[in-house]
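Trainee: Please take a close look at one part of this model, the surroundings of the ligand.

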Amino acid sequence: MNFQELDKKYIAGTYNRFPIEIVRGKGSIVYDIEGKRYIDMGSGIGVTAFGIADDEWKKAVTDQLDKVQHMSNLYYTMPDIELAKILCEKSGMKKVFFGNSGAEANECAVKLARKYSAEKKGEDCYTIVSLKNSFHGRTLTTLAATGQDNFHKLFKPLTPGFETVSSSDANELYQLAEKTKIAGILIECIQGEGGVNALDKDFVEAIYKFANENDIPFMVDEVQSGNGRSGFFYSYMNYEIKPDAVTTAKGLGGGLPIGACLMGEKLQNVLGPGDHGSTFGGNPVVCAGAINLVNRIDDKLLAEVREKSVYIFSELQNAKGVESVSGAGLMIGIKTEKKASDLIKKCMEKGVLCLSAKDKIRLLPALNIPMPLLTEAVDIIKQVCAEEV
Ligand SMILES: *Cc1c(COP(=O)(O)O)cnc(C)c1O
């Protein structure tokens, strides 16, 4: 049997995969089993933030592997402490809980908000509000927070106590608050899976102000947009807000699983011993790699991300076959005249790997993708959108 037949036989059928088997790569180039070269414009859905097999990250990971790979959270190890310190210094947050995925980071945020509000306002204050068109994960709780019904079908009942409101009109939140006690608000400043839409600044700042005035924990999901992806260390830093919790994952581990829930002033002491935990959380090998990456997301790199973003926007915005370009930094959505899924297949045939989000082509290249590769990929995407190939 070939890889596709074996996969079909043994792997749960939850993924529609492209018919190529990737066997190796370096930086923003990957090769399939037949030796065909691709420019990787998806970086494992925004995970391999410094590309494939990055030397510095590999060294940090293997050095730690030679020391100790896991001890559980019963003992102290330094990498998670050091990583938490750097994340707090970069964000102004106060404490960090480490898990293994974006969904887990959001589960932690929900528990934080629920406990904070239960203690402050009573146990009937439990409703978590998220936004329409959002994506927060696949567990039953994070599905409940996800404002897209197509993910919910046949999995009900989801965790109760979740409501969604408009992602552009703050009045929906104000109206909900008249009849429901709100324990927390969870938003993505740039909705990734929902079509790479950066939320309006006035809207975000209005609901943040409302949350602040009413002592409602305000939580930002930076699982996809975080760690430099948006051209800021976290995407909320481009808004006039100071979240009470920030969740992040994808790009943080550079390809190894990690999730983190960063807690601000208000929430930093809410969870005590026994309130939450994770066997693998804060794994020293993953954290050692993450320390290396996070230290490299400095002002210079962020400026480069923003410059590359300007380049992509300017090349694609008025290109033939392109209706509009959305997003921020190296988190880009392209609305095309032709069906995006067909164009993504064509790009793959031409040696460029792209993602989709709703009806758009989505690009999440490595933050350090070299300009010549970015230019090569954008040219091919342009040709494919214009149907010149
Ligand atoms: C991917 C994603 C998640 C879920 O992350 P997992 O690691 O797959 O659990 C949550 N929120 C956002 C915004 C995401 O993009």
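Mentor: The account below starts with the ligand shell and then turns to a helix and a sheet.

This is a predicted model, in which local features need pLDDT of at least 70 and side-chain atom pairs pLDDT 80 or more, while totals for chains, interfaces and linings use all residues. Residues are numbered from 1 along each chain, and side-chain values use heavy atoms, without hydrogens and water.

Around the ligand (a heavy atom within 4 Å) stand Ser101, Gly102, Ala103, Asn106, Phe135, His136, Gly137, Glu188, Asp221, Val223, Gln224 and Lys250. By class, this shell has three nonpolar, six polar and three charged residues, where Gly counts as polar.

Polar contacts are pairs of N or O atoms within 3.5 Å. A polar side-chain atom of Lys250 lies 2.6 Å from a ligand oxygen, and a backbone N or O atom of Gly102 is 2.8 Å from an oxygen atom of the ligand. A polar backbone atom of Phe135 lies 3.3 Å from a ligand nitrogen. Taken alone the ligand exposes 380 Å², of which the protein buries 81% (Shrake-Rupley method, 1.4 Å probe).

The largest share of the shell, three residues, comes from helix H5 (DSSP runs: helices of at least four residues, strands of at least two). Helix H5 (residues 102-121) lies across S4, S5, S6, S7, S10, S11 and S12, running at about 30° to S12 (contact: heavy atoms within 4.5 Å; axes fitted to C-alpha atoms, angles from 0 to 180 degrees).

Seven strands form an open, mixed sheet in the order S4-S12-S11-S10-S7-S5-S6 (pairing: at least two DSSP bridges). Strands S4 and S6 each have a single partner strand, so one side of each is left without a neighbour in the sheet.

Conventions
Polar contact = N/O pair within 3.5 Å; in protein donor to acceptor, adjacent residues only side chain to side chain.
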